[in-house]
Amino acid sequence: MDLLKATWDHQADKVAEAVEKSHNNACAPIDYNNEHALSIAVSFAYYAARAYYTIIPEAPAGKGYADLTFIPVNPMHPAMVIELKWNKTVKTGIDQIREKNYTGNILCVGISYEKTDANDPAYKKHTCIIEQL
């Protein structure tokens, strides 16, 4: 529930930190470095959100698919579209959501994971941007 509240409150740093912890705990090192592993980690991190949302992975969205779509059970909560990126900027994910021309009370959540840094071979950095449509 803390992660969901942080998302609703646009606390992108807290969301990125929670997803990073989930990614580290949910994925074996051999499977860690890909978007599918990140999707599993995010689904795991948002497990408690299932009390508030129907979560649809790879939902059709115009030309392509949304990585994770959260349809609220109660309309007082915003819908959420989460776009995941691996070794790309988090802004790329937000831009991809915006290109779909969604309308309504929707939170756009971009989450990115970068696996390398020339100065630190153990570098694993997750970032997040949250925008309201």
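This is a predicted model: local features need pLDDT of at least 70, side-chain atom pairs count only at pLDDT 80 or more; totals for chains, interfaces and linings use all residues.

Reader: What is the mean pLDDT of the chain, and which elements have the lowest and highest mean values?

Author: The chain has a mean pLDDT of 85, with 89% of its residues at 70 or more. Among its elements, helix α3 (residues 35-45) has the lowest mean, 81, and helix α1 (residues 2-8) has the highest, 93.

Reader: Why is the pair Asp 9 and Lys 5 called a salt bridge?

Author: The term requires a side-chain nitrogen of Lys or Arg within 4 Å of a carboxyl oxygen of Asp or Glu. For Asp 9 and Lys 5 the N to O distance is 2.8 Å, so the pair qualifies. The structure holds five salt bridges.

Reader: What makes Asp 9 and Lys 5 partly exposed?

Author: Partly exposed lies between the buried limit, under 20%, and the exposed limit, over 50%. Asp 9 has 39% relative accessibility and Lys 5 has 47%, so each counts as partly exposed.

Reader: What does the salt bridge between Glu 131 and Arg 98 tie together?

Author: These side chains meet at 2.8 Å, N to O. Because Glu 131 lies in strand β5 (residues 125-132) and Arg 98 in helix α4 (residues 90-99), the pair ties together parts 33 residues apart in sequence. Glu 131 is partly exposed at 25%, as is Arg 98 at 38%.

Reader: Which residues touch the most other members of the largest nonpolar core, and which elements contribute to this core?

Author: Of its 24 residues, those with the most contacts to other members include Val 15, Val 42, Phe 70 and Ile 82. Elements that give two or more residues include α1, α2, α3 and β5. Leaving aside residues up to four places away in sequence, Ile 82 touches Val 42, Tyr 46, Phe 70 and Ile 111, among others. A second, separate core has eight residues, including Ala 61 and Ile 94.

Terms used. Residues are numbered from 1 along each chain as its sequence is written. Side-chain values use heavy atoms; hydrogens and water are left out. Buried means under 20% relative accessible area, exposed over 50%, partly exposed in between (1.4 Å probe, protein chains only). Helices (H or I, at least four residues) and strands (E, at least two) are DSSP runs, numbered from the N terminus. pLDDT is the predictor's confidence in each residue, from 0 to 100. A nonpolar core is a set of buried Ala, Val, Leu, Ile, Met, Phe, Trp, Tyr and Cys residues joined through side-chain atoms within 4.5 Å. Contact means heavy atoms within 4.5 Å.
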